[in-house]
Amino acid sequence: MRPKHKMLSHLKYAGVLAAAISAVILTPVSGAEQSRTVINRITESQYANIIADVFGSDIDLGGRFEPGMRQDGLLAVGSSRVSVTASGMEQYDAMAHAIASTVVDDAHREMLVPCTPAAADKPDDACAETFFSGAGLLLYRRPLTASQLDAYVAAAHIGTEQAGDFYEGLSLSLAGMLSSPMFLFREQRTEPDPDRTGQLRLDAYSKAAQLSFFLWDSGPDAQLLEVAASGAIHTDEGLKRQVDRMLASPRLESGLRAFFSDNFRFSEFGTLIKDTIIFPKFDPAVAEQAREQTMRTVLDVVMKQNADYRDIFTTKRTFLTPELGSIYNVPVFKSGPNGSPDQWQPYEFSEEDPFTGILTQISFTALHSPAGRSSPTFRGKALREIMMCQEVPAPPGDVDFTLFESGKDLRNATARERLALHSAEPMCAGCHKITDPLGLALENFDGLGEFRTHDNGALIDASGQLNGSGFDGADDFADVVRDDPAITSCLVERMSSYAVGRSAKDDKKDWIKGLNADFAQTGFRIIGLMRAIALSDDLYTLSNAEISTAAAK
Amino acid sequence: MAFMPNQSVCLSRKTISAAMVATFAGLATVGASGSVRAEESRAFVVSWFAQATYTQENDCSGGVHPALEEVYFKYLPHLGVEPETIDEIKQSYAAGEEDDRLKDFMMVRGRIDGEPVNPWTYPAAVQDLELPGLDGEYAYGFDLDGQGANDPDGFVEPETFEKGVDHQLYRALGCARSFRGSLTDSPTYWAWAWGQLVSSQPAWVVTVTGADLSKDGPVTVKFERALEHLRVNGDSSPRANMAYRIDPDPRSRNEFPGQMKEGVVTVSGGGDMRVLQNPLVAPELMLRNFHMRMDVAADGSMRAIIGGYQPWEDVYWGFGNLSIGGEQQVIGDASQLYHLLKRYADADPNPETGQNMSISAAYYIEGVPAYVGLPSTSGLTTQAARN
C-alpha cells in the first residue's frame, strides 16, 4: 500500500500551487526591470541542459515537448513567437512533477537538498527557503524576489502540512517553480544604457543568460551569476574574462550542437520516414546516427581543429559506426566486444571516394528526399535555404501536374529528364531553375544516401553550374559551394540571430556587416565569430527603434 | 549467373582511404596511393544456410513418410502394446483427439536389454521401421568419390548436369516431410534451423581472393567465422556491406585453392572444412573433401553449393536434441532419421564395424557483400577484404 501522502491527488494542491504561481507571476517588477523586450520559450535542449546542470544528468524529464516554430531558418528565432498550448502546459506540468519528485526522492535528496528538515513530517520554512533560493537562482537565471521566494516557501509549507511529508511539500512547490513562465521563458529585461543615451541594455542577469544560452545552450552557471550580481559583467574586462572562460569550456560543444542542430533543421529527423522496401538499411537508429555523424564532422572542423568553417563542405574526415559504414559502403569494424553497442570511429574517405563534406552525408541526402527516391528539388531548396539563407518560394497552388502525369512515359527517366519538363513550363521554371541544378549535383546519392552511378538504368549526369562556376559531380560541387560567399554570410546572419533570439538581419545590419568582415579576417573560424558576437554590445543592447520593430513584429 | 566484380557497386572507387591504410596494414586490396594491385578480394557474409534440396514429384517411389502419428503407431506392436490398446489410441486420433498414452509410449520407445529408454539419447535402441529413402534422379552436390557416371548411387546435378553426384544425405532425408523442398522453397527443418543459427551464432564469411577476379584463373577461398552475428536491416533482410571481424580461433579458419572460370568459383577437393556452429543444429559443420561452386549476382549477392563428407552422427544429434517437441513441430520421427542416416552413410568406414561414419552432403548458402578483417592482438583489425 502506498504511503498516505502519496495517495493524495495533485489536484488537492492545485489551489495552493495556483496561488503560489500567481503570486510569482504577478509580482511587480522594480523600476530597473521596467522594460521588457524579447521573450523566448526555452528549447527542448535548453530545458534538458538546465535540469542536468542544476539537478544532475540522471534526472529523467519524463515528458515530451511540443514542436517549435521555425522562423528565418531557426527555431531559436521562432521561439520568440510561440507560447504554450494547453496540451503543452500539461506536458510541462507532468515533467515538472516528475523532475521534482526525483530531486527529493531518497536517492537524490541528500545531494540536492542542501539542508535537513527539523522533522521530516512537518514544514521547515528555513530549510525550504534555503532550497528555493539556491534552486530558484539557477532555474530563473536571477535571484528570486522576496515575494517569489515567500510564495514558494509558503506553497511548500502548505503542501507539507497536507501531505505530512516535508519532501512531498518541497516537491510540489518545486514543480510549481518548474512550470513557471519565469523558468520556461527567457525574458530579456532591459535598463537604460548609461554609456549610450537613448539606448537600452540588458540588465546584468539577462546579459548573463543571453551569453550562456548562446555559448552553452543552458542557463548561467554560478560563476557567471556571481559576475552578474557584482555588475562586473557590464565591464569590458569582466565580460571578456567570462567569454574566454566559456569558450574554453567543454560545454561550448553543447552550444555548437544546439546551433547546428537548429540551423541544419535536424528536428525534422523526428518525422523522417523512408520506404524500407526501397531503402531497407534505413531505420530510426540510422537516422539518429546520421544526424550524429554530421554533428561530429562539423564539430571536428569548427571546434576540435578550429579550421575554416567552409571546410565542412569539403572535408573527407568524418566519424562512422559500422551501420553507417554499410551505407557508405566502407569498412567500419566494431571496436568493442561482440554484442557490445557500436561505437563511433574516426574515418577518412579517400580522395577517390565520392563522399565529400556534409552535403554528401545521410543527414542531408536522406533528410531532404522523399520516402522513396531522391529529390534534386528538395535538396537544392534545402541547400539554398539552410546554407545560403536564400528563400525559395513555395510552389503555386494551381500547379498543372498533367504535364508530368500524361504524355511521355517518365517512369524510366532520370531525375534530370523529369525535371527538364519543369524548365519548359513557365509556372515551374522560376523556382526550379534555382533549386534543381544544385540538387542534381547530388544525384549520385539515392534517397538514403548510398552512392550510385545510374538512375533508372541511365548514367547519372551530376554536372552543372552555380553562380557561373561549373562542376561535375559532388566533389566539384563541394568546392564550388565552399567558395560561394553566401555560405559564410548566411552563417553570420544565422548565428547572430540565434544569439539574440530574434531575427537580426533587418535591424542589426551594420552589426552583421561588421561580423562578416571579422569572420573573413579570422579565416572563417567559428570560435572567433562566436567570440566576436559574445563580446559585441549589439548582443546586449537595444535601440528604441529595435524595440519598436520587435514589438511591431 | 557469373562472378562479376566489375558490376558490383562501384568497385573501382572502393579503395581503402589513406587513413584506413594506416589502420589496416596488409590490406588485401591496395589503397588509393596508386600502387600496383597485387590481388583483389571479395567477401560475403552468409545470409542463408540449408541443405541443398531438389524435391521432385515421384522421387520417393517408396512413398513420402507418413505423418508423425502414423509413424508412432507403427512402433506400438514392437513395444508390446496390446492390439486393443492400439485400436483405442488410433480411434482417438481418428476422432481428432489426442491420447496421452501414445506420447507416453513414444517417450520411452527405445529398448536396451528389454528396458525402456529415451529414444533420442539412444536412437540405435529404437526399432528401425525401414522407412524409405529418396530414389529420384537429381540432387545438388558434387562427385565426391570420383566415380562419375559409374556410381550406382550417383545423382545428376540439376544445374551442371554432372553425373555421379554424391549426396546421400539427401537420399536419407529426402522422403521425410520436413526435409522436402527446393533452394527457393526451403524444407521446414532447414528453415527452422537457419532461424536458430542466425540469431544464436556468429556469422560465417566467405572470401575469394585472386589476381583479377574478372578473369579466369586460380583463386583462394576462405570460409571462416566472424566475431559478430549477421547484421540485418529493419525488415530482417541481410544488411549488405557491413564489416565483420574474423574470429582468429583456428577451429573455424579454412582456406582452399580454387578456380575462377567464366565467373564461377569452384573448389574441388580442397581438404576439410570446419566451422563452429550452434550445437542446437550441430556443434560443428565439418565437410571432408570440401567442394564448392559459387556465383555472384549482378546485385553483388552470392549463392553457392558447398559439399563434402559429413559425420552423420553430428547431423543426427541436431535432430535428437529436439526431443518430443521438436519431433512434433519440426522434424518428424528423429529415431527413423537416425536409421536412415546410418543406412545411407557412404564414407569413412569404422575399421572395426565397417559402418560408414560419414555421409556425402551438399548445402546451399547465400551471402551478401561484406567487409572482413582479422583482429590483431592489439585489438586493431589488420586485414580487410573488400567485396
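Guide: Helix 2 of chain B is followed by B:Gly80, whose phi is positive, near 80 degrees. Helices (H or I, at least four residues) and strands (E, at least two) are here DSSP runs, numbered from the N terminus. The model is a predicted one, in which local features need pLDDT of at least 70 and side-chain atom pairs count only at pLDDT 80 or more, while totals for chains, interfaces and linings use all residues. Residues are numbered from 1 along each chain as its sequence is written, and chains are lettered from A and ligands numbered from 1 in the order in which they are written.

Helix 2 of chain B spans residues 68-78, and its buried residues are B:Tyr72, B:Tyr75 and B:Leu76. A residue is buried if 20 or more other C-beta atoms lie within 10 Å of its own, exposed if 12 or fewer, and partly exposed in between, with C-beta atoms placed from the backbone. Viewed down the axis of helix 2 of chain B, the buried residues fall within an arc of 115 degrees, and they therefore line one face of the helix; the arc is that of the directions from the helix axis to the C-beta atoms. B:Glu70 and B:Pro77, on the other side of helix 2 of chain B, are exposed. The buried residues of this helix pack against helix 3 (83-94) and helix 4 (100-107) of chain B, where contact requires that the C-beta atoms of two residues, placed from the backbone, lie within 7 Å.

Another positive phi in chain B belongs to B:Ser323, a residue other than glycine, with a value near 60 degrees. B:Ser323 lies in helix 8 (residues 323-331) of chain B and is partly exposed because 15 other C-beta atoms are within 10 Å. In chain A, A:Asn456 is likewise not glycine and has a positive phi, near 55 degrees. A:Asn456 sits in the loop between strand 6 (454-455) and strand 7 (458-459) of chain A, and its 13 C-beta neighbours inside 10 Å make it partly exposed.

Helix 11 (residues 204-216) and helix 14 (residues 252-263) of chain A pack at an angle of about 75 degrees, with their axes 6 Å apart. Helix 11 of chain A is therefore roughly perpendicular to helix 14 of chain A. Angles under 35 degrees count as roughly parallel, over 145 as roughly antiparallel, 65 to 115 as roughly perpendicular and the rest as oblique; axes are lines fitted to C-alpha atoms, for helices over the stretch in contact, and angles run from 0 to 180 degrees between N-to-C directions. A:Phe214, A:Leu215 and A:Trp216 of helix 11 of chain A meet A:Leu252, A:Ser254 and A:Gly255 of helix 14 of chain A. The residues of this contact divide into four nonpolar, two polar and no charged, where Ala, Val, Leu, Ile, Met, Phe, Trp, Tyr, Cys and Pro are nonpolar, Asp, Glu, Lys and Arg charged, and the others, Gly among them, polar.

A buried residue of chain A is A:Phe364, which has 23 C-beta neighbours inside 10 Å and belongs to helix 17 (residues 362-365) of chain A. Apart from neighbours within four places in sequence, A:Phe364 is in contact with A:Ile358 and A:Leu359. Across chain A, buried residues make up 46% of the 553 residues.
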